[in-house]
Structures are given as structure tokens and as C-alpha cells.
Amino acid sequence: SNGVARVLKNNKFGFINRDGLYVIEPTYLYAESFAENGLAMVVNADGKYGYINKQGAYKIDPIYEGARSFVGGIAAVCTNAEANTWCYINKKGEALTGATYALADNAEADRALIHNGTAYAYINRRGEEVFALGENVIGRRFHSDGYAVVINYPTDGSDYTFSILNKKGEVLCTVDAVPTGTLYHGAEIYK
């Protein structure tokens, strides 16, 4: 992506250019592809997560205990793995808000899945909560088509169901089958 490709050699990740030449030697325990902002999430030899540019220079120091790739200009990072504390940062490494979460996912389609310690919810790229899910509902990531599937776990022991939500949190349909593939518009259902 962006003219370079992630490679794995001798159990270390690095990056090559279109000619197959190393632009960043394989030194990382793990690496993601470069995001649209030109940064790639990497894990150094100490197991710390940070973000590098295409020259291999850290743009966000490896100080995190977990991290996700940048999507839509923000990335979820884990500041304390033992306490399972996540927050969002911008491309300068600045915290988006003062809020922390028990879970934080990528911000696909301007919605990021979080768990606030009580329930799953979705926030926008500014860190504002858009809507929360019910107590017995497990959220899933929004897809680029603007829809998300959530899992409804009933308390009476009956089978769980799946609901497809739009970006406002409105339920478009509920099914007793597992949605797969592209969601809603052209959704594939597996029973």
C-alpha cells in the first residue's frame, strides 16, 4: 500500500518497495500496512507499539501496550494492558479526548466501536458518543458501506439473533442467521 509492501523475513516484519528492495529492514515483531496518513503501526523488540513513516522513523514513539492502525485520521491505542485501558490518538500522537475505554476499535465509516465498562457504544471521529447498545448486545465494527451487525444475547436462554444497524443506531432488520460478506445492501445470510 502507498508504494511499499509489508514483508515477513526470519519472523520479523519490514517493508519493500515496488522493485523488491528493502526500504525498511525487517526488525519489527509485527507491523501493519501503511495507513492513508502515511503511518504504519509497528511493534518493536520490547513489545511496545508505535507508528513509523515510510523512511522507518518513529512519528509516534513506541510507548503503547497495544494499538490499531489509523483509519479516518485516528487510531486506538492501549495505554495500560493490565487495566485494559484504550483511547484514541491523532496522527501527532495527541489524545483525541480524555476518555478511556475497556475496548476501542477502528473508526470505519465514521463510527468506532468502544466498550465504556458497562456496554458497547459507537463514537464518531471526534470522540463523541453517537449511540449506545443495550446491555445484552455485543457490537461489531461498522463496515465501509455504513452498516454494522450486532449480536443480541437474550437472557431467557433462547437463541441469539443478529441485527443490522445504520449509522444512527436504527435497527434495519433482525435475523436468526449469521450475516456474512458486505452488509445490508447485498447482504449475504448464512443459516
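Two residues are in contact here when they have heavy atoms within 4.5 Å of each other. The model you are looking at is a predicted one. With that in mind, find V77. If we leave aside its neighbours within four places in sequence, V77 is in contact with Y51, Y64, G66, A67, T85, W86, C87 and I89.

V77 also belongs to the largest nonpolar core, a set of 13 residues. Which of its members touch the most others? They are Y51, I60, F70, V77 and I89. Strands β5 (40-43), β7 (58-64), β9 and β10 (85-89) are the elements that give two or more residues to this core. In soluble globular proteins, nonpolar side chains tend to be buried together. Apart from this core lies another one, made of twelve residues, including I74, C78, A107 and I114.

Now for the aromatic rings. A pair of aromatic rings is described by the distance of the centres and the angle of the planes. The whole structure holds eight aromatic pairs. One of these joins Y51 and F70: the ring centres are 4.9 Å apart and the planes stand at 65°, so this pair is edge-to-face. Y51 sits in strand β6 (residues 49-52), while F70 is in the loop between β8 (66-67) and β9 (75-80), so that the pair links parts of the chain 19 residues apart. Are these two residues buried or exposed? Both count as buried, because the limit is under 20% relative accessible area and Y51 has 0%, whereas F70 has 3%.

Y153 and Y160 form an aromatic pair that is tilted, with 5.4 Å from centre to centre and 40° between the planes. Y153, at 37% relative accessibility, counts as partly exposed, and so does Y160 at 42%. Elsewhere, ring pairs link Y122, F131 and F142 into a cluster.

Finally, turn to the cysteines. How many disulfides does a search of the whole structure find? The number is zero. C87 shows why: the closest cysteine sulfur, in C78, is 8.9 Å from the sulfur of C87, too far for a bond, since a disulfide needs the two sulfur atoms within 2.5 Å. C87 counts as buried, at 10% relative accessibility, while C173 counts as partly exposed, at 25%.

Definitions and conventions. Residues are numbered from 1 along each chain as its sequence is written. This is a predicted model: local features need pLDDT of at least 70, side-chain atom pairs count only at pLDDT 80 or more; totals for chains, interfaces and linings use all residues. Side-chain values use heavy atoms; hydrogens and water are left out. Buried means under 20% relative accessible area, exposed over 50%, partly exposed in between (1.4 Å probe, protein chains only). Rings of Phe, Tyr and Trp (its six-membered ring) pair if their centres lie within 6.5 Å; planes under 30 degrees apart count as stacked, over 60 as edge-to-face and the rest as tilted. Helices (H or I, at least four residues) and strands (E, at least two) are DSSP runs, numbered from the N terminus. A nonpolar core is a set of buried Ala, Val, Leu, Ile, Met, Phe, Trp, Tyr and Cys residues joined through side-chain atoms within 4.5 Å.
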